[in-house]
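Here is a friendly walk through one protein chain. Have the sequence and the 3D view ready, and let us take the parts one by one.

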Amino acid sequence: MGTIEREDGLLKDEKCHICGEIKATGYWAGDTGAFCVCQRCAIETLPILIVDSLNYYYLKDLTRLDNVLTQIKEVFWKTAFTRVMVNAREKDKEKGER
Ligand SMILES: [Zn+2]
C-alpha cells in the first residue's frame, strides 16, 4: 500500500480501479496486483466496501459495529500520522541536499 507519487513510477498514469475515471492517488499491493484508488473513491466508496465486507455478526450489534469504527479510526490516524512524519522527513532531507 502506498501513494502513487511515492512508488517507482509504474502506476503514475493508472486510473482508479473503482470509478475508472480519475487518476489514482493511492494503491494497495494486492495478491493479484496493485489495486489503485482515487481520493474521491477513497472517501466516498471505500467506507461502503468496509461495511459491505463485515459479516452479520458485527452489523446486527451496534456496540460491535462501533468497536469496528474505533479500530478503523485507530488505523486511520496511525497511518495519517506516519504519512505526515515521512513527508516531513523527506522535506527536511531535500532542504539538506540544497
Ligand atoms: Zn475513483
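Two strands pair if DSSP finds at least two bridges between them. Helices (H or I, at least four residues) and strands (E, at least two) are themselves DSSP runs, numbered from the N terminus. With those terms in hand, look at the hairpin: two residues link E2 to E3.

Before going further, a word on the model. It is predicted, so local features need pLDDT of at least 70 and side-chain atom pairs count only at pLDDT 80 or more, while totals for chains, interfaces and linings use all residues. Residues are numbered from 1 along each chain as its sequence is written.

Now step back to the whole chain. The protein chain holds four helices and three strands, and along the sequence they follow the pattern β-β-β-α-α-α-α. The domain assignment, whose bounds come from an automatic or database source, gives domain 1 (1-45) and domain 2 (54-98). The C-alpha centres of domain 1 and domain 2 are 17 Å apart.

What shape does the chain have along its principal axes? The C-alpha trace spans about 55 × 30 × 25 Å. The radius of gyration, taken over C-alpha atoms, is 17 Å, whereas a compact globule of 98 residues would have one near 13 Å. That globule rule is 2.2 Å times the number of residues to the power 0.38.

Return to the strands. The three of them form an open sheet in the order E1-E2-E3, with antiparallel pairing. Strand E1 (2-3) and strand E3 (33-37) stand at the edges with a single partner strand each, so one side of each has no neighbour in the sheet. E1 and E2 run antiparallel and are joined by two bridges; here Gly2 stands opposite Tyr27 in E2. Strand E2 (residues 26-30) pairs with E3 over five bridges, again in the antiparallel sense. Among the facing residues, Trp28 has Phe35 in E3 as its bridge partner, Ala29 has Ala34, and Gly30 stands opposite Gly33.

Thr3 and Thr25 are 22 residues apart in sequence, yet their C-alpha atoms are 5.8 Å apart in space. Two residues are in contact if their C-beta atoms, placed from the backbone, lie within 7 Å. Leaving aside neighbours within four places in sequence, Thr3 is in contact with Thr25 and Gly26.

Is Thr3 buried, exposed or partly exposed? A residue is buried if 20 or more other C-beta atoms lie within 10 Å of its own, exposed if 12 or fewer, and partly exposed in between, with C-beta atoms placed from the backbone. Thr3 has 14 C-beta neighbours inside 10 Å, so Thr3 counts as partly exposed. In the protein chain, buried residues make up 8% of the 98 residues.

Some buried residues gather together. A nonpolar core is a set of buried Ala, Val, Leu, Ile, Met, Phe, Trp, Tyr and Cys residues joined through C-beta atoms within 7 Å. The largest one has seven residues: Ile4, Cys16, Ala24, Tyr27, Val37, Cys38 and Cys41. Apart from neighbours within four places in sequence, the contacts of Cys38 include Cys16, Ala24 and Thr25.

Finally, follow helix H4 (residues 62-97). At 1.5 Å a residue, its 36 residues should span 52 Å, and its end C-alpha atoms are 52 Å apart, which agrees; the expected span is 1.5 Å times one less than the number of residues. The number of buried residues in H4 is zero, so H4 lies largely in the open.
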